[in-house]
Amino acid sequence: MKISSKKLGDYTILSLSGILNASSAPQLKSYLEETDFSGSLIIDLELVDFLDSSGLGILVGIARRKKAANEILKLANLNDRVKKVFEITQAYTLFDIYDEVNAAAE
Amino acid sequence: MKTLIIIRENAHSWLRDTFPGQHPLLVRICNKSFLEFLFDFSIIAGAREVRIVSDGDMAEIRDFCHDGGRWGLNISYATIQKSDTITQINNKNRRFYAAERIIVLDNLLFIEFNKNESYTEYLASSHVGMLLSNGQGSVYLDGADQQSILEQCGSSPHISIPELGSLPEYFRLSAEILRQGSRYILPGYSNEDGCYIGRNVVIHKGVEIKKPVIIGNNVQIMPGCVIGPEAVIGSTVIIDRESLVTGSIVMHNTFVGEQLEVKNKIASGNRLMDPATGASLQLVDAHLLSEITSEGTVYEGIVRRLVHVLAALLLFIAQLLPYLFLRPFVGEPVAGGTGHEHKTAQLFNRLSLDRFPQLFRVFSGSLRLIGSQPAVFRYAETEEWPENEMDARIVEQFCTLHSHPFGDIPLLLKALLNRKESKIAAS
(Lines give C-alpha, C1' and ligand atoms only; values in the text may rest on other atoms or scores of the structure.)
Protein backbone atom coordinates (compact mmCIF):
# COMPACT_ATOMS: atom_id res chain seq x y z
CA MET A 1 0.00 0.00 0.00
CA LYS A 2 1.20 3.52 -0.85
CA ILE A 3 0.77 6.27 1.72
CA SER A 4 1.44 9.96 1.17
CA SER A 5 0.54 13.14 2.98
CA LYS A 6 0.38 16.86 2.25
CA LYS A 7 -0.99 20.06 3.78
CA LEU A 8 -4.11 21.83 2.49
CA GLY A 9 -5.01 24.89 4.56
CA ASP A 10 -5.54 23.80 8.14
CA TYR A 11 -5.90 20.19 7.14
CA THR A 12 -3.41 17.38 6.61
CA ILE A 13 -4.42 15.21 3.65
CA LEU A 14 -3.47 11.56 4.00
CA SER A 15 -3.79 9.76 0.66
CA LEU A 16 -3.97 5.97 0.64
CA SER A 17 -3.55 3.79 -2.42
CA GLY A 18 -3.85 0.01 -2.88
CA ILE A 19 -5.21 -2.59 -0.49
CA LEU A 20 -6.09 -1.76 3.10
CA ASN A 21 -6.44 -5.11 4.86
CA ALA A 22 -4.90 -7.16 7.67
CA SER A 23 -1.52 -7.32 5.84
CA SER A 24 -1.22 -3.62 5.08
CA ALA A 25 -2.85 -2.33 8.28
CA PRO A 26 0.42 -2.52 10.32
CA GLN A 27 2.17 -0.42 7.63
CA LEU A 28 -0.43 2.32 7.99
CA LYS A 29 -0.33 1.99 11.76
CA SER A 30 3.45 2.50 11.92
CA TYR A 31 3.25 5.39 9.38
CA LEU A 32 0.71 7.12 11.63
CA GLU A 33 2.89 6.55 14.68
CA GLU A 34 6.05 7.90 12.99
CA THR A 35 4.41 10.99 11.47
CA ASP A 36 2.79 13.86 13.33
CA PHE A 37 -0.91 13.88 12.42
CA SER A 38 -2.16 16.11 15.17
CA GLY A 39 -4.84 18.59 14.10
CA SER A 40 -7.50 18.23 11.44
CA LEU A 41 -7.08 15.28 9.10
CA ILE A 42 -8.66 14.27 5.79
CA ILE A 43 -8.10 10.75 4.52
CA ASP A 44 -8.36 10.47 0.73
CA LEU A 45 -9.55 6.95 -0.17
CA GLU A 46 -9.95 7.36 -3.93
CA LEU A 47 -7.20 4.89 -4.84
CA VAL A 48 -8.01 2.25 -2.24
CA ASP A 49 -8.80 -0.89 -4.25
CA PHE A 50 -9.93 -3.07 -1.38
CA LEU A 51 -10.90 -2.51 2.23
CA ASP A 52 -11.62 -5.27 4.73
CA SER A 53 -12.67 -5.36 8.39
CA SER A 54 -9.04 -4.94 9.59
CA GLY A 55 -8.66 -1.85 7.37
CA LEU A 56 -11.90 -0.50 8.78
CA GLY A 57 -10.50 -1.15 12.24
CA ILE A 58 -7.53 1.16 11.54
CA LEU A 59 -9.85 3.94 10.31
CA VAL A 60 -12.17 3.49 13.31
CA GLY A 61 -9.08 3.66 15.58
CA ILE A 62 -8.00 6.97 13.99
CA ALA A 63 -11.55 8.34 14.32
CA ARG A 64 -11.60 7.37 17.98
CA ARG A 65 -8.25 9.03 18.72
CA LYS A 66 -9.24 12.20 16.85
CA LYS A 67 -12.54 12.39 18.74
CA ALA A 68 -10.78 11.93 22.07
CA ALA A 69 -8.37 14.75 21.17
CA ASN A 70 -11.30 16.91 20.01
CA GLU A 71 -9.85 17.04 16.50
CA ILE A 72 -11.52 16.69 13.11
CA LEU A 73 -11.33 13.63 10.86
CA LYS A 74 -13.02 13.56 7.46
CA LEU A 75 -13.00 10.93 4.74
CA ALA A 76 -13.08 11.99 1.10
CA ASN A 77 -13.18 10.58 -2.41
CA LEU A 78 -14.55 7.16 -1.53
CA ASN A 79 -14.81 5.02 -4.65
CA ASP A 80 -17.81 2.73 -5.13
CA ARG A 81 -16.11 -0.37 -3.68
CA VAL A 82 -15.06 1.40 -0.50
CA LYS A 83 -18.36 3.26 -0.23
CA LYS A 84 -20.23 -0.04 -0.33
CA VAL A 85 -18.14 -1.46 2.54
CA PHE A 86 -18.93 1.62 4.65
CA GLU A 87 -22.63 1.30 3.88
CA ILE A 88 -22.92 -2.42 4.48
CA THR A 89 -21.05 -2.34 7.76
CA GLN A 90 -22.77 0.93 8.76
CA ALA A 91 -19.32 2.33 9.57
CA TYR A 92 -20.44 5.56 7.86
CA THR A 93 -22.16 6.56 11.11
CA LEU A 94 -18.71 7.11 12.63
CA PHE A 95 -17.32 9.34 9.86
CA ASP A 96 -18.00 12.56 7.97
CA ILE A 97 -17.78 11.55 4.32
CA TYR A 98 -17.19 14.01 1.46
CA ASP A 99 -17.22 13.72 -2.33
CA GLU A 100 -14.10 15.86 -2.72
CA VAL A 101 -11.00 16.67 -0.70
CA ASN A 102 -11.34 20.39 -1.43
CA ALA A 103 -14.93 20.50 -0.13
CA ALA A 104 -13.86 18.61 2.99
CA ALA A 105 -11.04 21.10 3.61
CA GLU A 106 -13.35 24.15 3.52
CA MET B 1 -30.64 19.26 -13.81
CA LYS B 2 -30.10 16.57 -11.16
CA THR B 3 -32.11 15.22 -8.23
CA LEU B 4 -30.85 14.68 -4.70
CA ILE B 5 -33.10 12.47 -2.57
CA ILE B 6 -32.41 12.81 1.15
CA ILE B 7 -33.61 9.97 3.37
CA ARG B 8 -33.48 10.51 7.11
CA GLU B 9 -33.70 7.29 9.09
CA ASN B 10 -36.00 8.50 11.86
CA ALA B 11 -38.62 9.92 9.53
CA HIS B 12 -41.59 7.85 8.39
CA SER B 13 -41.26 5.48 11.38
CA TRP B 14 -45.05 4.89 11.22
CA LEU B 15 -44.47 3.14 7.88
CA ARG B 16 -41.86 0.88 9.45
CA ASP B 17 -44.36 -0.03 12.19
CA THR B 18 -47.24 -0.56 9.76
CA PHE B 19 -45.36 -2.47 7.08
CA PRO B 20 -42.41 -4.01 8.93
CA GLY B 21 -39.53 -5.67 7.13
CA GLN B 22 -39.08 -3.12 4.37
CA HIS B 23 -37.59 0.32 3.94
CA PRO B 24 -40.31 3.04 4.16
CA LEU B 25 -39.43 4.38 0.69
CA LEU B 26 -39.86 0.90 -0.79
CA VAL B 27 -43.39 0.51 0.58
CA ARG B 28 -45.73 0.32 -2.39
CA ILE B 29 -48.52 2.69 -3.06
CA CYS B 30 -50.71 1.41 -5.91
CA ASN B 31 -48.31 -0.43 -8.20
CA LYS B 32 -45.08 1.39 -7.38
CA SER B 33 -42.90 2.13 -4.39
CA PHE B 34 -42.74 5.66 -2.99
CA LEU B 35 -39.20 5.90 -4.33
CA GLU B 36 -40.35 5.12 -7.87
CA PHE B 37 -42.87 7.97 -7.72
CA LEU B 38 -39.99 10.28 -6.74
CA PHE B 39 -38.02 8.91 -9.72
CA ASP B 40 -41.01 9.63 -11.97
CA PHE B 41 -41.02 13.22 -10.76
CA SER B 42 -37.29 13.45 -11.41
CA ILE B 43 -37.75 12.15 -14.97
CA ILE B 44 -40.58 14.58 -15.65
CA ALA B 45 -38.42 17.42 -14.28
CA GLY B 46 -35.71 16.44 -16.77
CA ALA B 47 -33.25 15.20 -14.14
CA ARG B 48 -31.77 11.90 -15.24
CA GLU B 49 -29.01 11.87 -12.66
CA VAL B 50 -30.16 11.00 -9.14
CA ARG B 51 -28.21 10.75 -5.92
CA ILE B 52 -29.76 9.07 -2.88
CA VAL B 53 -28.21 10.11 0.43
CA SER B 54 -29.18 8.68 3.79
CA ASP B 55 -28.12 8.67 7.41
CA GLY B 56 -29.31 5.07 7.68
CA ASP B 57 -28.93 1.68 6.09
CA MET B 58 -29.28 1.85 2.30
CA ALA B 59 -28.59 -1.81 1.46
CA GLU B 60 -32.26 -2.51 0.66
CA ILE B 61 -32.51 0.60 -1.52
CA ARG B 62 -29.27 -0.25 -3.34
CA ASP B 63 -30.53 -3.79 -4.01
CA PHE B 64 -33.75 -2.38 -5.40
CA CYS B 65 -32.38 0.49 -7.52
CA HIS B 66 -28.84 -0.63 -8.48
CA ASP B 67 -27.56 1.97 -10.97
CA GLY B 68 -31.07 3.08 -11.97
CA GLY B 69 -30.77 1.67 -15.51
CA ARG B 70 -34.27 0.23 -15.53
CA TRP B 71 -35.75 3.71 -15.13
CA GLY B 72 -33.27 5.26 -17.55
CA LEU B 73 -31.65 7.05 -14.62
CA ASN B 74 -28.09 7.22 -13.38
CA ILE B 75 -28.33 6.63 -9.61
CA SER B 76 -25.47 7.06 -7.13
CA TYR B 77 -25.42 6.83 -3.34
CA ALA B 78 -23.80 8.69 -0.45
CA THR B 79 -24.05 8.79 3.30
CA ILE B 80 -24.65 11.70 5.67
CA GLN B 81 -24.81 12.24 9.41
CA LYS B 82 -28.15 12.60 11.20
CA SER B 83 -27.43 16.22 12.14
CA ASP B 84 -26.34 17.38 8.64
CA THR B 85 -28.06 20.48 7.27
CA ILE B 86 -28.78 21.16 3.56
CA THR B 87 -25.55 23.23 3.38
CA GLN B 88 -23.47 20.41 4.88
CA ILE B 89 -25.09 17.91 2.53
CA ASN B 90 -24.30 20.25 -0.39
CA ASN B 91 -20.63 20.36 0.76
CA LYS B 92 -20.39 16.60 1.16
CA ASN B 93 -21.80 16.02 -2.33
CA ARG B 94 -19.76 18.67 -4.11
CA ARG B 95 -18.79 16.47 -7.05
CA PHE B 96 -22.41 15.55 -7.68
CA TYR B 97 -23.51 19.18 -7.47
CA ALA B 98 -20.85 20.39 -9.96
CA ALA B 99 -22.31 23.50 -11.62
CA GLU B 100 -25.79 22.06 -12.03
CA ARG B 101 -29.26 22.91 -10.82
CA ILE B 102 -30.26 20.41 -8.11
CA ILE B 103 -33.80 19.49 -7.06
CA VAL B 104 -33.47 18.43 -3.43
CA LEU B 105 -36.26 16.13 -2.25
CA ASP B 106 -35.69 16.25 1.49
CA ASN B 107 -37.46 13.64 3.59
CA LEU B 108 -40.32 13.23 1.14
CA LEU B 109 -42.45 10.21 0.37
CA PHE B 110 -44.62 11.61 -2.37
CA ILE B 111 -45.02 14.66 -4.61
CA GLU B 112 -48.29 15.42 -6.36
CA PHE B 113 -47.62 16.30 -9.98
CA ASN B 114 -49.22 15.93 -13.37
CA LYS B 115 -47.21 14.17 -16.01
CA ASN B 116 -49.05 16.06 -18.74
CA GLU B 117 -47.57 19.38 -17.59
CA SER B 118 -44.07 20.72 -18.17
CA TYR B 119 -41.77 20.99 -15.15
CA THR B 120 -38.31 21.22 -16.70
CA GLU B 121 -38.33 24.92 -17.56
CA TYR B 122 -40.21 25.89 -14.42
CA LEU B 123 -37.72 24.17 -12.09
CA ALA B 124 -34.70 25.35 -14.09
CA SER B 125 -35.84 28.97 -14.06
CA SER B 126 -37.03 29.22 -10.43
CA HIS B 127 -34.71 30.79 -7.86
CA VAL B 128 -32.55 28.73 -5.55
CA GLY B 129 -34.26 28.09 -2.19
CA MET B 130 -37.29 26.41 -0.68
CA LEU B 131 -40.01 25.61 -3.19
CA LEU B 132 -42.44 23.59 -1.07
CA SER B 133 -42.57 22.32 2.49
CA ASN B 134 -45.19 20.64 4.65
CA GLY B 135 -43.32 20.23 7.92
CA GLN B 136 -42.52 16.59 7.19
CA GLY B 137 -40.44 17.17 4.07
CA SER B 138 -39.61 19.70 1.41
CA VAL B 139 -38.68 20.36 -2.20
CA TYR B 140 -35.65 22.64 -2.30
CA LEU B 141 -33.86 24.07 -5.31
CA ASP B 142 -30.11 24.19 -4.91
CA GLY B 143 -26.93 24.48 -6.97
CA ALA B 144 -26.46 26.88 -9.85
CA ASP B 145 -29.01 29.65 -10.28
CA GLN B 146 -29.83 29.65 -13.98
CA GLN B 147 -32.01 32.75 -13.90
CA SER B 148 -29.65 34.52 -16.29
CA ILE B 149 -29.90 31.74 -18.85
CA LEU B 150 -33.62 31.12 -18.74
CA GLU B 151 -36.44 33.58 -18.40
CA GLN B 152 -38.75 32.95 -15.44
CA CYS B 153 -41.36 30.47 -16.63
CA GLY B 154 -44.75 32.16 -16.86
CA SER B 155 -47.24 29.58 -15.59
CA SER B 156 -46.29 27.20 -12.82
CA PRO B 157 -47.34 23.56 -13.22
CA HIS B 158 -49.19 21.70 -10.47
CA ILE B 159 -46.86 20.59 -7.71
CA SER B 160 -47.72 19.94 -4.06
CA ILE B 161 -46.81 17.71 -1.14
CA PRO B 162 -49.62 15.80 0.57
CA GLU B 163 -49.70 15.21 4.32
CA LEU B 164 -48.58 11.64 4.73
CA GLY B 165 -47.97 10.59 8.29
CA SER B 166 -50.52 7.92 9.13
CA LEU B 167 -52.33 4.87 7.78
CA PRO B 168 -55.58 6.74 6.91
CA GLU B 169 -53.54 9.28 4.91
CA TYR B 170 -51.74 6.46 3.11
CA PHE B 171 -55.08 4.82 2.30
CA ARG B 172 -56.56 8.09 1.07
CA LEU B 173 -53.56 8.85 -1.15
CA SER B 174 -53.66 5.32 -2.58
CA ALA B 175 -57.33 5.77 -3.56
CA GLU B 176 -56.55 9.17 -5.08
CA ILE B 177 -53.68 7.82 -7.19
CA LEU B 178 -55.93 5.03 -8.39
CA ARG B 179 -58.67 7.45 -9.37
CA GLN B 180 -56.23 9.79 -11.13
CA GLY B 181 -54.17 6.92 -12.56
CA SER B 182 -53.23 8.56 -15.83
CA ARG B 183 -51.84 11.56 -13.93
CA TYR B 184 -49.15 9.53 -12.14
CA ILE B 185 -48.81 6.27 -13.96
CA LEU B 186 -46.38 6.46 -16.84
CA PRO B 187 -47.10 4.77 -20.20
CA GLY B 188 -46.47 1.04 -20.11
CA TYR B 189 -48.46 0.36 -16.97
CA SER B 190 -51.91 0.99 -18.34
CA ASN B 191 -53.95 -1.58 -20.25
CA GLU B 192 -57.03 0.62 -20.47
CA ASP B 193 -58.26 3.66 -18.64
CA GLY B 194 -58.87 2.85 -14.98
CA CYS B 195 -57.54 -0.69 -15.32
CA TYR B 196 -53.82 -1.32 -14.77
CA ILE B 197 -52.70 -4.92 -14.92
CA GLY B 198 -49.08 -6.04 -14.49
CA ARG B 199 -47.09 -8.91 -15.99
CA ASN B 200 -47.77 -12.60 -15.44
CA VAL B 201 -51.29 -12.09 -14.10
CA VAL B 202 -53.60 -15.09 -14.33
CA ILE B 203 -57.29 -14.22 -14.10
CA HIS B 204 -59.42 -17.37 -14.07
CA LYS B 205 -62.89 -17.75 -15.58
CA GLY B 206 -65.78 -16.12 -13.78
CA VAL B 207 -63.70 -13.36 -12.22
CA GLU B 208 -65.33 -9.95 -12.23
CA ILE B 209 -63.02 -6.92 -12.45
CA LYS B 210 -64.65 -3.58 -11.65
CA LYS B 211 -62.73 -0.41 -12.54
CA PRO B 212 -60.77 1.42 -11.22
CA VAL B 213 -58.31 -1.31 -10.30
CA ILE B 214 -54.56 -1.86 -10.22
CA ILE B 215 -53.14 -5.37 -10.22
CA GLY B 216 -49.39 -5.93 -9.80
CA ASN B 217 -47.09 -8.58 -11.29
CA ASN B 218 -47.27 -12.34 -10.67
CA VAL B 219 -50.86 -12.41 -9.43
CA GLN B 220 -53.37 -15.25 -9.53
CA ILE B 221 -57.06 -14.55 -9.17
CA MET B 222 -59.10 -17.72 -8.80
CA PRO B 223 -62.62 -18.37 -10.22
CA GLY B 224 -65.60 -16.50 -8.83
CA CYS B 225 -63.65 -13.56 -7.35
CA VAL B 226 -64.85 -9.98 -7.52
CA ILE B 227 -62.02 -7.42 -7.65
CA GLY B 228 -62.86 -3.73 -7.38
CA PRO B 229 -63.99 -1.11 -7.67
CA GLU B 230 -61.08 0.83 -6.12
CA ALA B 231 -58.97 -2.23 -5.42
CA VAL B 232 -55.19 -2.22 -5.37
CA ILE B 233 -53.63 -5.66 -5.64
CA GLY B 234 -49.86 -5.78 -5.08
CA SER B 235 -47.33 -8.11 -6.69
CA THR B 236 -46.99 -11.83 -5.90
CA VAL B 237 -50.53 -12.15 -4.60
CA ILE B 238 -52.95 -15.06 -4.75
CA ILE B 239 -56.66 -14.43 -4.27
CA ASP B 240 -58.44 -17.69 -3.74
CA ARG B 241 -61.86 -18.57 -5.19
CA GLU B 242 -65.03 -16.58 -4.56
CA SER B 243 -63.33 -13.84 -2.57
CA LEU B 244 -64.27 -10.19 -2.76
CA VAL B 245 -61.76 -7.33 -2.67
CA THR B 246 -63.32 -3.89 -2.92
CA GLY B 247 -62.14 -0.43 -1.82
CA SER B 248 -59.09 -2.18 -0.40
CA ILE B 249 -55.36 -2.65 -0.75
CA VAL B 250 -53.81 -6.11 -0.82
CA MET B 251 -50.07 -5.60 -0.26
CA HIS B 252 -47.47 -7.68 -2.10
CA ASN B 253 -46.66 -11.26 -1.02
CA THR B 254 -50.13 -11.82 0.40
CA PHE B 255 -52.46 -14.79 0.11
CA VAL B 256 -56.19 -14.09 0.43
CA GLY B 257 -58.10 -17.26 1.24
CA GLU B 258 -61.38 -18.66 -0.10
CA GLN B 259 -64.69 -16.79 0.24
CA LEU B 260 -63.10 -13.93 2.15
CA GLU B 261 -64.59 -10.44 1.97
CA VAL B 262 -62.04 -7.64 2.10
CA LYS B 263 -63.95 -4.34 2.11
CA ASN B 264 -62.25 -0.99 2.81
CA LYS B 265 -59.29 -2.71 4.43
CA ILE B 266 -55.54 -3.16 3.94
CA ALA B 267 -54.37 -6.78 3.82
CA SER B 268 -50.64 -7.21 4.37
CA GLY B 269 -49.17 -10.66 5.05
CA ASN B 270 -51.42 -12.17 7.70
CA ARG B 271 -52.63 -8.78 8.97
CA LEU B 272 -55.90 -7.10 8.13
CA MET B 273 -55.95 -3.37 8.92
CA ASP B 274 -58.85 -0.95 9.05
CA PRO B 275 -57.56 2.43 7.86
CA ALA B 276 -60.59 4.25 9.29
CA THR B 277 -59.99 3.19 12.89
CA GLY B 278 -56.34 2.09 12.70
CA ALA B 279 -57.39 -1.30 14.15
CA SER B 280 -55.27 -4.25 13.07
CA LEU B 281 -56.22 -7.91 13.16
CA GLN B 282 -53.62 -10.66 12.89
CA LEU B 283 -55.09 -13.81 11.37
CA VAL B 284 -53.51 -17.03 12.58
CA ASP B 285 -55.34 -19.23 10.08
CA ALA B 286 -53.01 -19.36 7.07
CA HIS B 287 -55.89 -20.54 4.88
CA LEU B 288 -57.61 -17.16 5.32
CA LEU B 289 -54.75 -14.70 5.08
CA SER B 290 -51.02 -15.31 5.09
CA GLU B 291 -47.68 -14.15 3.82
CA ILE B 292 -46.13 -15.72 0.73
CA THR B 293 -42.47 -16.40 1.47
CA SER B 294 -39.64 -17.61 -0.76
CA GLU B 295 -37.58 -20.72 -0.03
CA GLY B 296 -34.29 -18.79 0.25
CA THR B 297 -30.87 -20.37 -0.16
CA VAL B 298 -31.67 -23.76 1.29
CA TYR B 299 -28.61 -25.42 -0.28
CA GLU B 300 -26.14 -22.99 1.28
CA GLY B 301 -27.86 -23.39 4.64
CA ILE B 302 -27.48 -27.18 4.56
CA VAL B 303 -23.80 -27.00 3.50
CA ARG B 304 -23.04 -24.42 6.19
CA ARG B 305 -24.71 -26.51 8.88
CA LEU B 306 -22.76 -29.59 7.78
CA VAL B 307 -19.46 -27.70 7.79
CA HIS B 308 -20.21 -26.25 11.23
CA VAL B 309 -21.16 -29.64 12.72
CA LEU B 310 -17.97 -31.26 11.34
CA ALA B 311 -15.78 -28.41 12.61
CA ALA B 312 -17.54 -28.55 15.99
CA LEU B 313 -16.88 -32.31 16.12
CA LEU B 314 -13.14 -31.78 15.51
CA LEU B 315 -13.09 -29.02 18.14
CA PHE B 316 -14.98 -31.31 20.54
CA ILE B 317 -12.37 -34.06 20.11
CA ALA B 318 -9.49 -31.60 20.56
CA GLN B 319 -11.03 -29.95 23.64
CA LEU B 320 -12.52 -32.96 25.44
CA LEU B 321 -9.45 -34.02 27.47
CA PRO B 322 -8.24 -30.48 28.34
CA TYR B 323 -11.81 -29.62 29.38
CA LEU B 324 -12.20 -32.69 31.63
CA PHE B 325 -8.77 -32.04 33.14
CA LEU B 326 -9.08 -28.29 33.77
CA ARG B 327 -12.81 -27.92 34.54
CA PRO B 328 -12.56 -29.12 38.20
CA PHE B 329 -9.93 -26.42 38.90
CA VAL B 330 -12.10 -23.61 37.53
CA GLY B 331 -14.46 -22.80 40.39
CA GLU B 332 -17.18 -20.77 38.77
CA PRO B 333 -18.49 -20.67 35.21
CA VAL B 334 -16.16 -18.60 33.08
CA ALA B 335 -17.74 -16.01 30.81
CA GLY B 336 -16.33 -13.46 28.39
CA GLY B 337 -12.70 -14.46 28.35
CA THR B 338 -10.82 -11.55 29.93
CA GLY B 339 -9.89 -10.23 33.31
CA HIS B 340 -9.56 -13.48 35.25
CA GLU B 341 -6.69 -13.42 37.68
CA HIS B 342 -6.57 -17.06 38.22
CA LYS B 343 -4.06 -18.60 35.85
CA THR B 344 -6.06 -21.77 35.32
CA ALA B 345 -9.13 -19.74 34.46
CA GLN B 346 -7.04 -17.68 32.03
CA LEU B 347 -5.72 -20.83 30.37
CA PHE B 348 -9.25 -22.24 30.33
CA ASN B 349 -10.45 -19.21 28.42
CA ARG B 350 -7.36 -18.97 26.22
CA LEU B 351 -8.07 -22.51 25.00
CA SER B 352 -11.74 -21.54 24.47
CA LEU B 353 -12.81 -24.31 26.85
CA ASP B 354 -15.47 -21.96 28.23
CA ARG B 355 -17.27 -22.46 24.92
CA PHE B 356 -17.02 -26.27 25.09
CA PRO B 357 -20.55 -26.87 26.53
CA GLN B 358 -22.05 -24.78 23.71
CA LEU B 359 -20.71 -27.21 21.09
CA PHE B 360 -23.63 -29.51 21.90
CA ARG B 361 -25.99 -26.81 20.68
CA VAL B 362 -24.14 -26.82 17.35
CA PHE B 363 -24.70 -30.58 17.11
CA SER B 364 -28.41 -30.09 17.82
CA GLY B 365 -28.59 -27.37 15.15
CA SER B 366 -29.76 -24.61 17.49
CA LEU B 367 -26.55 -22.56 17.29
CA ARG B 368 -23.93 -21.76 14.68
CA LEU B 369 -20.30 -22.51 15.46
CA ILE B 370 -19.24 -19.11 14.14
CA GLY B 371 -21.34 -16.21 12.91
CA SER B 372 -23.11 -13.08 13.96
CA GLN B 373 -24.86 -13.31 17.30
CA PRO B 374 -26.00 -15.81 18.48
CA ALA B 375 -23.11 -18.22 17.81
CA VAL B 376 -20.47 -20.09 19.82
CA PHE B 377 -17.81 -17.78 18.37
CA ARG B 378 -18.74 -14.35 17.04
CA TYR B 379 -17.32 -13.00 13.79
CA ALA B 380 -16.32 -9.95 15.84
CA GLU B 381 -13.86 -12.14 17.74
CA THR B 382 -11.79 -12.64 14.58
CA GLU B 383 -10.47 -9.06 14.92
CA GLU B 384 -8.48 -7.48 17.71
CA TRP B 385 -9.73 -3.92 17.30
CA PRO B 386 -13.44 -3.99 18.25
CA GLU B 387 -13.86 -2.22 21.59
CA ASN B 388 -17.62 -2.02 21.82
CA GLU B 389 -20.81 -3.44 20.30
CA MET B 390 -20.83 -0.86 17.47
CA ASP B 391 -17.34 -2.02 16.41
CA ALA B 392 -18.42 -5.64 16.74
CA ARG B 393 -21.39 -4.99 14.48
CA ILE B 394 -19.15 -3.47 11.79
CA VAL B 395 -17.00 -6.62 11.72
CA GLU B 396 -19.99 -8.94 11.85
CA GLN B 397 -21.74 -7.20 8.98
CA PHE B 398 -18.57 -7.27 6.88
CA CYS B 399 -18.03 -10.99 7.59
CA THR B 400 -21.70 -11.86 7.05
CA LEU B 401 -21.63 -10.26 3.62
CA HIS B 402 -18.39 -11.94 2.56
CA SER B 403 -19.05 -15.25 4.30
CA HIS B 404 -19.56 -18.60 2.65
CA PRO B 405 -19.80 -22.01 4.36
CA PHE B 406 -16.16 -23.01 3.86
CA GLY B 407 -14.87 -19.49 4.55
CA ASP B 408 -16.14 -19.89 8.12
CA ILE B 409 -13.31 -22.35 8.89
CA PRO B 410 -10.41 -19.83 8.58
CA LEU B 411 -12.53 -17.31 10.49
CA LEU B 412 -13.03 -19.89 13.26
CA LEU B 413 -9.25 -20.48 13.45
CA LYS B 414 -8.70 -16.71 13.59
CA ALA B 415 -11.23 -16.39 16.43
CA LEU B 416 -9.60 -19.27 18.35
CA LEU B 417 -6.13 -17.72 18.01
CA ASN B 418 -7.46 -14.28 18.87
CA ARG B 419 -9.14 -15.21 22.17
CA LYS B 420 -6.40 -13.49 24.22
CA GLU B 421 -6.78 -10.14 22.45
CA SER B 422 -10.51 -10.11 21.85
CA LYS B 423 -12.34 -7.52 23.97
CA ILE B 424 -15.79 -8.54 22.77
CA ALA B 425 -18.00 -10.71 24.95
CA ALA B 426 -19.42 -13.96 23.64
CA SER B 427 -23.12 -14.54 22.86
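Visitor: Which residue is the bridge partner of Asp106(B) in β9(B)?

Guide: This is a predicted model, in which local features need pLDDT of at least 70, side-chain atom pairs count only at pLDDT 80 or more, and totals for chains, interfaces and linings use all residues. Residues are numbered from 1 along each chain as its sequence is written, with chains lettered from A and ligands numbered from 1 in the order in which they are written. Strands here are DSSP runs of E with at least two residues, and helices are runs of H or I with at least four, both numbered from the N terminus; strands β6 (residues 101-106) and β9 (residues 138-143) of chain B run antiparallel and are joined by six bridges. Within this pairing, the partner of Asp106(B) in β9(B) is Ser138(B).

Visitor: Which residue takes a positive phi in the hairpin of β8(B) and β9(B)?

Guide: Two strands pair if DSSP finds at least two bridges between them, and β8(B) and β9(B) do so in the antiparallel sense over four bridges, with Leu132(B) standing opposite Val139(B) in β9(B). Four residues lie between the strands of this hairpin, and the one with a positive phi near 90 degrees is Gly135(B).

Visitor: Which strands of chain B stand at the edges of the sheet, and why is one side of each left without a neighbour?

Guide: The open sheet has six strands in the order β5-β4-β1-β6-β9-β8 (chain B), with mixed pairing. Its parallel part includes β1 (residues 2-7) and β4 (residues 49-54) of chain B, joined by six bridges, where Leu4(B) has Arg51(B) as its bridge partner. One side of each edge strand lacks a neighbour in the sheet because each has a single partner strand, and these edge strands are β5 and β8 (129-133) of chain B.

Visitor: Is Gly234(B) buried or exposed?

Guide: Gly234(B) lies in the loop between β17 (231-233) and β18 (237-239) of chain B. Leaving out residues up to four places away in sequence, Gly234(B) touches Arg28(B), Gly216(B), Val250(B), Met251(B), His252(B) and Thr254(B), a contact being two C-beta atoms, placed from the backbone, within 7 Å. A residue is buried if 20 or more other C-beta atoms lie within 10 Å of its own, exposed if 12 or fewer, and partly exposed in between; because Gly234(B) has 23 C-beta neighbours inside 10 Å, it counts as buried.

Visitor: Which residues touch the most other members of the largest nonpolar core?

Guide: A nonpolar core is a set of buried Ala, Val, Leu, Ile, Met, Phe, Trp, Tyr and Cys residues joined through C-beta atoms within 7 Å. Beyond its neighbours within four places in sequence, Val250(B) has contacts that include Ile233(B), Val237(B) and Val262(B). Of the 130 residues in the largest core, those touching the most other members are Leu38(B), Ile103(B), Ile233(B) and Val250(B).

Visitor: Which element gives the most to the side of chain B that touches chain A?

Guide: The contact takes 23 residues from chain B and 23 residues from chain A. On the chain B side, β5 (74-79), α4 (86-92), α5 (94-97) and α12 (389-402) each supply at least two residues. With eight residues, the element that gives the most is α12(B).
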